[in-house]
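Trainee: I would like to go through this model with you. Let us set the values against the definitions.

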Amino acid sequence: MSKPIYTFLPPGKPTSIKRKKPLGPELPNKRINVEENYRNQVSKEKENPNTHQLNTSIVSIFSALDNALVYYRAINNGEGSASFHHLQQSVEMQAKKSFTLESLETIINIWPDSFKISPVIILFNGTRIGSLSIDFPSKKFNLTTRLKQFRSYLESPPFNNINLKELIPKNPSKDNIYFSEKKKQAIQGLQKKTISTISSSPIDHKGLKYRQASLLERIRFKHTQNMQISSNFTHLAALQKLSNIIDCLFILLATYPSKSAFSISEVVTALTSSLKQPLSNSEIQHSLTVLANTFPEFCQIIKISNTLSAIKFHRNYKFAELKKNLELKQTEFQT
């Protein structure tokens, strides 16, 4: 007769196999929970790309608006606030996204105290329109801190919806047009001068006919004076472009030390790829003509045919001397 199996097992070991307890109805099913968590995670990942893209776009617009306001305050010596229409192009160029009133409304709804918004009347492209004045809430600010604070507000639900279109004035008029502080002071000073001259000068009926007869002469004189000012201004703008062009030309001469004459097309191609501020081919050719007319001892334009021209450089002219003479020419036209 064979022995039972438990006699072969080592002492101290249980002879029965412990079975796992079945999951009761009150215990959660782990497998089902894992699948549900995975489905929720996938659904969230499908929803997150749109919200993430929206958040990144609004953050880039907020940062670009901050930088545009800082630049506007810098060129105006920290005075005055900028309008929405004047900042729109600058913000779109920096953020690479469209900046509309809806974008500004989204920023204000996320963080109501981020900017000071007020209605204003401005002159834009020669017409008087209604707009919104945008400024920082305080004079002391830090762009990095503001950006971090704006990102923190993104995690919380937005505040009440604000409709900025209702704030824009619908009937622009002369009385409420917006001017900066400097312009306001200049207008007030001009008004005081005109009032003082009108009050101090009595009416002279005898000289009235002479004033009427010489009115046409005064208009002609003023027109010729304005023409001279405009021509000086355009020439000054052309001289200001020459500084960067001269730098690139001396680099071109250093690249080809044994060459003193180049074709105009060759020089234009070299300047197009090396200028800091991009200029068109016609603007570069006009600048080269101004350079040759202003400093003929440095370069000369030689016309070979109707379609072909060359420019010849005199290498004896030093770089520092040419830059100094250019600054003197600019100061002459400024004065």
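Mentor: Start with contact: it means heavy atoms within 4.5 Å. Axes are lines fitted to C-alpha atoms, for helices over the stretch in contact, and angles run from 0 to 180 degrees between N-to-C directions. Helices (H or I, at least four residues) and strands (E, at least two) are DSSP runs, numbered from the N terminus. With that, helix α8 (residues 264-274) lies across β4 and β6 and runs at about 85° to β4. Helix α9 (residues 281-294) lies across β5 and β6, at about 120° to β5.
Note that this is a predicted model, where local features need pLDDT of at least 70, side-chain atom pairs count only at pLDDT 80 or more, and totals for chains, interfaces and linings use all residues. Residues are numbered from 1 along each chain as its sequence is written, and side-chain values use heavy atoms, with hydrogens and water left out.

Trainee: What makes β5 and β6 a pair?

Mentor: Two strands pair if DSSP finds at least two bridges between them. β5 and β6 (residues 309-313) have five bridges, in the antiparallel sense. So they pair, by that definition. Cysteine 299 stands opposite phenylalanine 313 in β6.

Trainee: Why are β4 and β5 called edge strands?

Mentor: The open sheet has three strands in the order β4-β6-β5, with antiparallel pairing. β4 (261-263) and β5 (299-303) each pair on one side only. The twist averages 25° from one strand to the next.

Trainee: Why does serine 131 count as buried?

Mentor: Buried means under 20% relative accessible area, exposed over 50%, partly exposed in between (1.4 Å probe, protein chains only). Serine 131 has 1% relative accessibility, so it counts as buried. Serine 131 is in strand β3 (residues 127-135). Residues touching serine 131 include Ser83, Ser118 and Ile168.

Trainee: What makes the link from serine 131 to histidine 85 a polar contact?

Mentor: A polar contact is a pair of N or O atoms within 3.5 Å; within protein, one must be able to donate a hydrogen and the other to accept it, and residues adjacent in sequence count only if both atoms are side-chain atoms. The two side chains make one at 2.9 Å.

Trainee: How do you know which parts to read with care?

Mentor: From pLDDT, the predictor's confidence in each residue, from 0 to 100. The protein chain averages 75, and 62% of the residues score at least 70. Over residues 26-32 the pLDDT is below 50, with one contact beyond near neighbours in sequence. Residues 197-201 are also below 50, with zero such contacts. Where pLDDT is low, the predicted coordinates should not be read in detail.

Key: Lists of a residue's contacts leave out its neighbours within four places in sequence.
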